[in-house]
Amino acid sequence: MRIITANLNGIRSAASKGFFDWAGQQEADVIGVQEVKAQDEQVKGIHCHIGKMAGQFHYAQKRGYSGVGIYMHEAPSDVVIGLGDNEFDNEGRWVEARFDKPGRKLSIVSCYFPSGSSGEERQQAKFRFLALLYPKLLSMREEREFILMGDVNIAHQNADLKNWRSNQKNSGFLPEERAWMTKVLSEGGLVDVYRRLHPDTTETCYTWWSNRGQAYANNVGWRLDYQIATPGLAELARSVSIYKGQKFSDHAPVVVDYDMTL
């Protein structure tokens, strides 16, 4: 099973840069997208499918902002839109596809974590989101296997960004954010699939580059896009790659192949 996650920084912009052509050739089973920056009337009938893969979306109330989607070959048994929290559900940050069968409960989630880079108000919102999400993930793990994919907006370790020394006071690499990720991957019992397969990589692990200066050309990047899985599913991950052959947005897609089926 192939699962792809990609922050599009605008679904219409990514489409104009060839994302849908590329995605349709990947033989993926599930594709999660984040930062759709569109509404239903701008997606329906245009970007609501990738080949035969049907999409489900959680749009932000604010136009041109946030939003997530998930495209699937197999019809899910259920789709959950939102986290049940008004603040973040208004921002379109969670769509969960469930593939439940007798003896198995499985969810695949496309999630877009808030960014705190615009100022203290948004950083505090990000902290509230993390506080909300941690018990949610623990509760899910008690009930079902799952893969959470998306733009987490956190570089966990020094190896996950180029200039870690100068970014220790910047959103995305704050000690509190990194500690949250450590907690998820230790006490929370979840697994960072990329790091399971590539524990030591540095420069080739980045998935986001600032549009300022020559960050992309010089590979001054951050690893912000993840697939985080329950241990049993993480053990089934066989390969992971970051696609940089084309530039659809300021993020690169993360492609993981699992030895499993829906």
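The questions and answers below examine how several descriptions of this predicted model follow from its computed values.

Q: Why are helices α5 and α6 called roughly parallel to each other?
A: Helix α5 (residues 120-143) and helix α6 (residues 175-185) pack at an angle of about 10 degrees, with their axes 11 Å apart. Angles under 35 degrees count as roughly parallel, and α5 and α6 are therefore described in that way.

Q: Which residues make the contact between α5 and α6, and what makes up this contact by class?
A: From α5 the contact draws on Gln-123, Lys-126, Phe-127, Leu-130, Leu-133, Tyr-134 and Leu-137, while α6 supplies Glu-176, Glu-177, Trp-180, Lys-183 and Val-184. Sorted by class, the contact of α5 with α6 has 7 nonpolar, 1 polar and 4 charged residues.

Q: What makes Ser-110 count as buried or exposed?
A: Ser-110, which is found in strand β8, has a relative accessible area of 0%. Because buried means under 20% relative accessible area, Ser-110 is classed as buried. Leaving aside neighbours within four places in sequence, Ser-110 is in contact with Gly-32, Val-33, Gln-34, Val-68, Gly-69, Ile-70, Arg-93, Trp-94, Val-95 and Met-149.

Q: How do you know whether Cys-48 and Cys-111 are buried or exposed, and how many disulfides does the structure hold?
A: Cys-48 has a relative accessible area of 17% and Cys-111 has 0% relative accessibility; since the limit for buried is under 20%, Cys-48 is buried, and Cys-111 counts as buried as well. The structure holds 0 disulfides, where such a bond would require a pair of cysteine sulfur atoms within 2.5 Å.

Q: What is the phi of Glu-27, and what makes Glu-27 buried or exposed?
A: Most residues other than glycine have a negative phi. Glu-27 has a positive phi of about 55 degrees although it is not a glycine, and its place is in the loop between α2 (19-23) and β2 (30-34). Its relative accessible area is 72%, and because exposed means over 50%, Glu-27 is classed as exposed.

Q: What is the phi of Ser-66, and why is Ser-66 called buried?
A: Ser-66, in the loop between β4 (53-58) and β5, has a positive phi of about 50 degrees and is not a glycine. Its relative accessibility is 2%; with the limit for buried set at under 20%, Ser-66 therefore counts as buried.

Q: Why is Asp-100 called partly exposed?
A: Asp-100 has its place in the loop between β7 and β8, and its relative accessibility is 28%. Buried means under 20% and exposed over 50%, with partly exposed in between, so Asp-100 counts as partly exposed. Not counting residues up to four places away in sequence, Asp-100 touches Ser-77, Lys-105, Leu-106 and Arg-144.

Q: How many residues does the largest nonpolar core have, and which of them have the most contacts inside it?
A: The largest nonpolar core has 32 residues, and those with the most contacts inside it are Ile-3, Val-30, Ile-70, Ile-108 and Tyr-258. Among the elements that give two or more residues to this core are β5 (68-72), β8 (106-112) and β15 (254-258). Not counting residues up to four places away in sequence, Val-30 touches residues including Ile-3, Met-53, Ile-70, Ile-108, Met-149 and Leu-262.

Notes
Residues numbered from 1 in each chain as written. Predicted model: local features only at pLDDT ≥ 70, side-chain atom pairs only at ≥ 80, totals over all residues. Heavy atoms only, no water. Axes fitted to C-alpha atoms, helices over the stretch in contact; angles between N-to-C directions. Helix = DSSP H or I, 4+ residues; strand = E, 2+ residues; numbered from the N terminus. Parallel < 35°, antiparallel > 145°, perpendicular 65-115°, else oblique. Contact = heavy atoms within 4.5 Å. Nonpolar A, V, L, I, M, F, W, Y, C, P; charged D, E, K, R; others polar. Core = buried A, V, L, I, M, F, W, Y, C linked by side-chain atoms within 4.5 Å. Buried < 20%, exposed > 50% of the residue type's maximum accessible area, 1.4 Å probe, protein only.
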